[in-house]
2 protein chains.
Amino acid sequence: MIRKQRLLTPGPTPLYPKALYAMLGAEIHHRTEDFRQIYKTLLSDLKEVMGTRHDVLVLVCSGTGAMEASVTNCFSPGDRVIVCSAGRFGERWTEIARAYGLNVTILEEPYGKAVAPEAVEKALAANPDTKGVLVQATESSTGVAHDVRSMGLAVKETGALFIVDAITGLGTMPLSIDDWGLDIVIGGSQKSFMAPPGIAFLSISEKAWAAMETAALPRYYFNLKRERKMAAIGESSWTPAIALLLAFAEALKYIKTLGMARLVDNAQQLARAMRAACAAMGLELFAAENPGAAVTAIKAPDGMDSGVIVKEFRNRFGSVIANGPGALKGRIFRIGHLGYFDFPDLFAIVAELELILQAQGFPVNLGDGVNAVQQIYSELAIRNKETARA
Amino acid sequence: MIRKQRLLTPGPTPLYPKALYAMLGAEIHHRTEDFRQIYKTLLSDLKEVMGTRHDVLVLVCSGTGAMEASVTNCFSPGDRVIVCSAGRFGERWTEIARAYGLNVTILEEPYGKAVAPEAVEKALAANPDTKGVLVQATESSTGVAHDVRSMGLAVKETGALFIVDAITGLGTMPLSIDDWGLDIVIGGSQKSFMAPPGIAFLSISEKAWAAMETAALPRYYFNLKRERKMAAIGESSWTPAIALLLAFAEALKYIKTLGMARLVDNAQQLARAMRAACAAMGLELFAAENPGAAVTAIKAPDGMDSGVIVKEFRNRFGSVIANGPGALKGRIFRIGHLGYFDFPDLFAIVAELELILQAQGFPVNLGDGVNAVQQIYSELAIRNKETARA
């Protein structure tokens, strides 16, 4: 039988078709007016979409590169930073900070839980020399979202910078960058932004720029001050990934038309529907308390290896979902619904999941999960009609 | 909310992604060895996929162009042909034949019914001067399939040519071209062949080539004898649509790997599942007796305009389905499932249809249709497992 490949991981995500096709225009030189116009539009669209007055810069690297850039450009050896660590990507903050000789205070929560804003407040009070607080807006290894608003407002009162890895957070949750005191917000092209991986970006507040004046960590490729100067003339410091920038620019045009609020709402409603489907199928969520909208982490039923579920999705349907990270491998599986993703995608995935569970001997009525998704779709259709009428 | 566009008409159909990307290689000249190698491989793959020892030629035109080519290359003014007419495309045969001054005997059945092979036998007996019998393997305007096997075996016994428009038939039903006496079989790139529209093709028997020796209808662009000569050296008569040929060649590679029998089975199982879903939702099929696997034609429930269903698919979900043709507009709607189409596609479409019907006040339990599709998927999964084990 025909089996189409479908990407349902927390990233890379399904590509916006016009973004994919735009890569064909890559035969332009990056030190020409043609490129400068495209790049300036991209940066201005990205700024609009992120909803910030801060500078927004683009880097050719994965999201991890931008995480490193935010550390190396803002701090000096021995500086104290607080890391909110509630999963794989929290651990990555610690690894980066330690690799550059920072003094790391870790606020750790077990996988599946979120770090409470109060814990950040307390740690800041206990460590008045703190230069930065590093967090994930959504921890896609576990499906958890952090309350970055409360954290941001707390950090704002101190001299510390609040640095938010929003790689899967942007486009899946509201982020009022300027109002909430989010000094650096990091995103990636391959998440809600519907483009292939290879492009990361950051918004940078005045407070962060000021900190960079004295920051002494070594850096070269990721030099944000240099990048800002180049961006002002519509160029990037180094030869950029032109094809990927064209894809990203095209996706941004679409997101601008759609509106960031609707993109966020789309992900949140899909996430809500996915959770409702899980409840209807008798499946337990892994992050029941603070679920993010980028990805839903689901516990494998007792006695069932989540790796089998991942494999069956792949083998039966060509659908690529994610296993649990690290010690959670075999125990949970994760289904993404961020970016270019719609309700019919979810109808299909849930029908697939029902069939897989049934074939594995888990008691599920075929159609129950799909029905839950349909119910939420119907509610929304009524809501949207009323909104349009009002 | 995000709404992806999905093509669910009887054609054009969803594109095989690698076929789409292959169009980028279009910067080759058509009178070079590079092109000749590609074209020769394409023709040989196409012949293998069609499962025939007959010549197979490619034309740059829609399927209608190849229908015309089969008429103008095989007949002379005043020749008698029998047209099996059971829908829009049957009527097209009559239009073409009359445009070229042929003497047309029409075997007509109302939309939704098929012409019986016995009617062809009778007409041949009553008109021994018949030079050709023209038919649709599947009449995609109504969703009906013709018994071309029985017809072919009957025509084979006479001096007439049996010309089959299999534009939506190829890849959705078994067609033993050589054994059943199918003298000309016509296909198109944009149906089961997963490529964009613009390429048509025909298999041509020795009996047809012999008829062409005396055929006197006027022709120029569609000159099959000339095309055969050019194909022998790996070229086409006129400047070909290189990008489309590259797409078509790539799709053929995939179909070769998949196997034509499995492509046909895929469409037939999806069609069966679609019919089961209709039964579960309480919907009536339009072509209940001889349903083809290319497209399922479904009656709109009493008092409901099928145009509303078509519009709702588009507006709510971005899914493009087809209304009824001509007088059936408003009464039936048609959902394609030929070519690059899989079960998760069907899970989603049926979930969409349930929601649309419910919103229009038709009593349907959300999930009933999807469940019927899931049941058939499960049966097949077991069958395929057993086949693999045997």
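At what angle do helix α3 and helix α4 of chain B pack, and how far apart are their axes? Keep in mind as you look that this is a predicted model. Helix α3 of chain B covers residues 63-74 and helix α4 of chain B covers residues 88-99; they pack at an angle of about 50°, and their axes are 10 Å apart. Angles under 35 degrees would count as roughly parallel, and 65 to 115 as roughly perpendicular, so α3(B) and α4(B) come out as oblique to each other. The crossing of α3(B) past α4(B) is right-handed.

Now zoom in on the side chains at that crossing. From α3(B) come Thr64(B), Met67(B), Glu68(B) and Val71(B), and they meet Arg92(B), Trp93(B), Ile96(B) and Ala97(B) of α4(B). Sort the residues of this contact by type and you get five nonpolar, one polar and two charged.

Next, hop over to chain A and find the sheet. It's an open one with three strands, in the order β11-β14-β13 (chain A), and the pairing is antiparallel. The edges belong to β11 (295-299) and β13 (322-323) of chain A: each has a single partner strand, so one side of each is left without a neighbour in the sheet. Follow β11(A) along strand β14 (residues 332-336) of chain A, and you'll find five bridges in the antiparallel sense. To pick out one spot, Ile298(A) has Phe333(A) in β14(A) as its bridge partner. Lying across β13 and β14 of chain A is helix α11 (residues 306-317) of chain A, which runs at about 35° to β14(A).

Finally, look at where the two chains touch. On chain B, 30 residues are in contact with 30 residues of chain A. Three helices of chain B, α11 (306-317), α12 (343-359) and α13 (368-389), each supply at least two residues of the side that touches chain A. The largest share of that side, nine residues, comes from α13(B). By type, the residues on this side of chain B are 17 nonpolar, six polar and seven charged.

How do the two copies relate?

Key
Residues are numbered from 1 along each chain as its sequence is written. Chains are lettered from A and ligands numbered from 1 in the order in which they are written. This is a predicted model: local features need pLDDT of at least 70, side-chain atom pairs count only at pLDDT 80 or more; totals for chains, interfaces and linings use all residues. Two residues are in contact if their C-beta atoms, placed from the backbone, lie within 7 Å. Helices (H or I, at least four residues) and strands (E, at least two) are DSSP runs, numbered from the N terminus. Ala, Val, Leu, Ile, Met, Phe, Trp, Tyr, Cys and Pro count as nonpolar, Asp, Glu, Lys and Arg as charged, and the others, Gly among them, as polar. Two strands pair if DSSP finds at least two bridges between them. Axes are lines fitted to C-alpha atoms, for helices over the stretch in contact, and angles run from 0 to 180 degrees between N-to-C directions. Angles under 35 degrees count as roughly parallel, over 145 as roughly antiparallel, 65 to 115 as roughly perpendicular and the rest as oblique. A crossing is left-handed if the near helix is turned anticlockwise from the far one by less than a right angle, and right-handed if clockwise.
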